[in-house]
Amino acid sequence: MKKKVIALVIAGVMALSMAACGGASSSAPAAEEKTEEAAAETEAAEETEAAASDITIGFITLHDENSTYDKNFIDAAIAACEAKGVNYEIKSNIPEDNTCYETAADMADKGYQLVFADSFGHEDFMIQAAEEFPEVEFCHATGTKAHTAGLANFHNAFATIYEGRYLAGVAAGLKLNEMIAAGTITEDQAVMGYVGAYTYAEVISGYTSFYLGAKSVCPSVTMKVKFTGSWYDESLEKEAANTLINQGCVLLSQHADSFGAPTACETAGVPDVSYNGSTVSVAPNTYIVSSRINWQPYFEYLIDCVMNGQAIDTDWTGTIATGSVELLELNDAVAAEGTAAKIEEVKAGLEDGSIKVFDTTTFTVDGAAVDSYMADIDSDEAYTPDTEVIADGAFQESVYRSAPAFDLQIDGIELLDTAF
Amino acid sequence: MNKSVREPLFHLVKRDGLVWWKSWIVRLVAVVLSLLVSGILIFALTGENPINVYITMFKAGFATRRRFWALLQNVAMLLCVALAVTPAFKMRFWNIGAEGQALVGGLATAFCMVYFGDKLPSGLLLLVIFLSSMLAGALWAVIPAIFKATYGTNETLFTLMMNYVAAQIVSYFTYVHSNPKGSGQMGVINKATQAGWLPKIEGNNYLLNILIVLVITVFVYVYLSKTKHGYEISVVGQSENTARYIGIDVSKVIIRTLLISGALCGICGFLLVSGTDHTLTRDTIAGRGFTAIIVSWMAKFNPIYMVVVSFLICFLQKGAVDIASTYGFNDALAEIITGIIIFFIIGSEFFIGYKIRLTHHTKGGKN
């Protein structure tokens, strides 16, 4: 008897669920048809400019908002889309493999006008999707291949973050000066530490500009760099920071995406210059300032291009002037006196061109000034140098492509391990 | 003291075996119940009609041809690793190193694509890649097997640690071959020549992968249930002493089985690198080596059931991820939903094996 009751209940549930599925699946296409009709109508009404509500932008991110790197993109994406009134979808935790292609292609299938991916390793899979969907725009941050891919619908973007790093470096140098003046350290002990991910141009450009910024106000400064071989590995970053502190570094900065280095600095009481976002919440007594790329101007630019039917730059480079390069939340409790004013002064200099970050008179390589350097701008497997990048007395960073290309190893910076 | 008063309210009785259709009804009920529970959770969090949410889930795998093929591809890859670990598990050899074994298979594939891509004709190149990926996977699995057979080392720890060794070697390899220099990323290998890429069939990216895994499914099924080797594996799994008593060379069986298990893992690495991603990262296997263990167990080491279970898990994962992104949640919600569903399905196996009997009139009711 009991069994019969159970069987009846099961049969009922099954029938109900089937009915539910049936009903819903027949109504869903109808809804889609309606939106298609609506889209067609508006298209007819205004042929040149697409209405914001018809536009959907797809965003692909490597991790989710638990990574400072991806959070920076996600926040900007939401802000830009809401400011412009367009629809958006964000797909997080998309690995750097075929999944990226599938996700991008699926977004194109859904009729999105533009698909954006945030991680370096997504690039080849975005190109694969771009080849398949010539009518959809594919944009990719930090990549290097748009200018050689020969595709009208594939675009790279980056920002002159080296200028932000330089400014953050100025804040670091002033802190060192304060420590020297207070007698905490001697001039020779002004050693900074830097936790980097890979010996990759983007990282090298970053730590070199940070160092040059510090050196511009504190001439005796030197720096040690330790690499982790990963963009996001909290324990490795913490460990690297501790190694640097144990080796006598009195101020740290990092180019890796976790809270590892800032936390280690807070525990050891060593001042820290952060990246991608303020880390004052985990390090209130040691955080000085952070630089970051603000992607919102780029996303707004993309949306405008799609709405107005304009071509998107193959290589877009954001600057301080476009609002793409920012310093965040100077922590007065830790920063040296007068830092804010000095930063404003240098920032003005960078904007009017009187200060150049990679001014060849400010650094040497193996004791000699650099007056000519061929960089591998069109990246290939053999790393063939192809472009002269020294001009007008400076290394022309982010000029020939948006992604950084500075990979010189300048004097004053010691690389502790280059396994990565 | 009156002992008989404090009897438990119910006790468990082992079933003698349930008719097949009854056991499937139990499983179905479990799935329905799990959907109800996750539906309540989703409603509590979003206020959305759970039916709509399940439609989103269904659409994630079936709405377009592309999604369906992508789903099949994922099923095939998970199934491949699940099939690979099964002979070892059936032998009670706890191989949790499938991740690493598949990864070195992928490494061997990438290595051959880089070094022989322009030296060998395409047919021969693919054969070399295929064999070397099998060899690499087999090597990675047989090292712990030899230690287990010779010195009685703990295979669980050993195979687990081999995963990390494999990941570090792959990190090093991708760094050395990174493009642009120093980035730690290889990018797509042989993009221009497509040397060492598994060919498309009728323009379909994944069909060949899926067919290869189907062949492996049949192979593992036949190998485990129709051959002397398969019989030896189950005897060793049931009792090593019995195996010795009837004259089975246990060490030989362990080593031979792990060679096969590792080689099949290696093929998965080959299919992912040569047939899918065309690149290698330390995350290429994406945790399938561990999910495969769940698949193998849930399917009770039966390759045919594994097809169903792999499909279910991949469908759930894809659907859950879409639910999370459609309704603006973190992927953690997707994992919670998948977890709830798997919990119920595993739980249903308990009710198939045992029944609950309410305790009543229990004077001297012990037997």
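Mentor: In this predicted model, chain A is divided into domain 1, residues 52–141, and domain 2, which is made of 161–293 + 326–415. Taken over C-alpha atoms, the centres of domain 1 and domain 2 of chain A are separated by 30 Å. Their contact takes 6 residues from domain 1 of chain A and 5 residues from domain 2 of chain A. On the domain 1 side, the residues divide into 1 nonpolar, 4 polar and 1 charged.

Next, the contact between the chains. Chain A gives 33 residues to it and chain B gives 31. On the side of chain A that touches chain B, α1 (2–45), β2 (87–91) and α3 (98–109) each supply at least two residues. That side of chain A divides into 14 nonpolar, 8 polar and 11 charged residues.

Now the pair of helices. In chain B, helix α11 (residues 288–298) packs against helix α12 (residues 303–326) at an angle of about 135°, and their axes are 8 Å apart. Angles over 145 degrees would count as roughly antiparallel, and 65 to 115 as roughly perpendicular; α11(B) and α12(B) are therefore oblique to each other. The crossing in which α11(B) passes α12(B) is right-handed. From α11(B), the residues T291(B), V295(B), S296(B) and M298(B) meet M306(B), V309(B), S310(B) and I313(B) of α12(B). By type, the residues of this contact of α11(B) with α12(B) are 5 nonpolar and 3 polar, with no charged ones.

Conventions
Residues are numbered from 1 along each chain as its sequence is written. Chains are lettered from A and ligands numbered from 1 in the order in which they are written. This is a predicted model: local features need pLDDT of at least 70, side-chain atom pairs count only at pLDDT 80 or more; totals for chains, interfaces and linings use all residues. Axes are lines fitted to C-alpha atoms, for helices over the stretch in contact, and angles run from 0 to 180 degrees between N-to-C directions. Helices (H or I, at least four residues) and strands (E, at least two) are DSSP runs, numbered from the N terminus. Angles under 35 degrees count as roughly parallel, over 145 as roughly antiparallel, 65 to 115 as roughly perpendicular and the rest as oblique. A crossing is left-handed if the near helix is turned anticlockwise from the far one by less than a right angle, and right-handed if clockwise. Two residues are in contact if their C-beta atoms, placed from the backbone, lie within 7 Å. Ala, Val, Leu, Ile, Met, Phe, Trp, Tyr, Cys and Pro count as nonpolar, Asp, Glu, Lys and Arg as charged, and the others, Gly among them, as polar. Domain bounds come from an automatic or database domain assignment.
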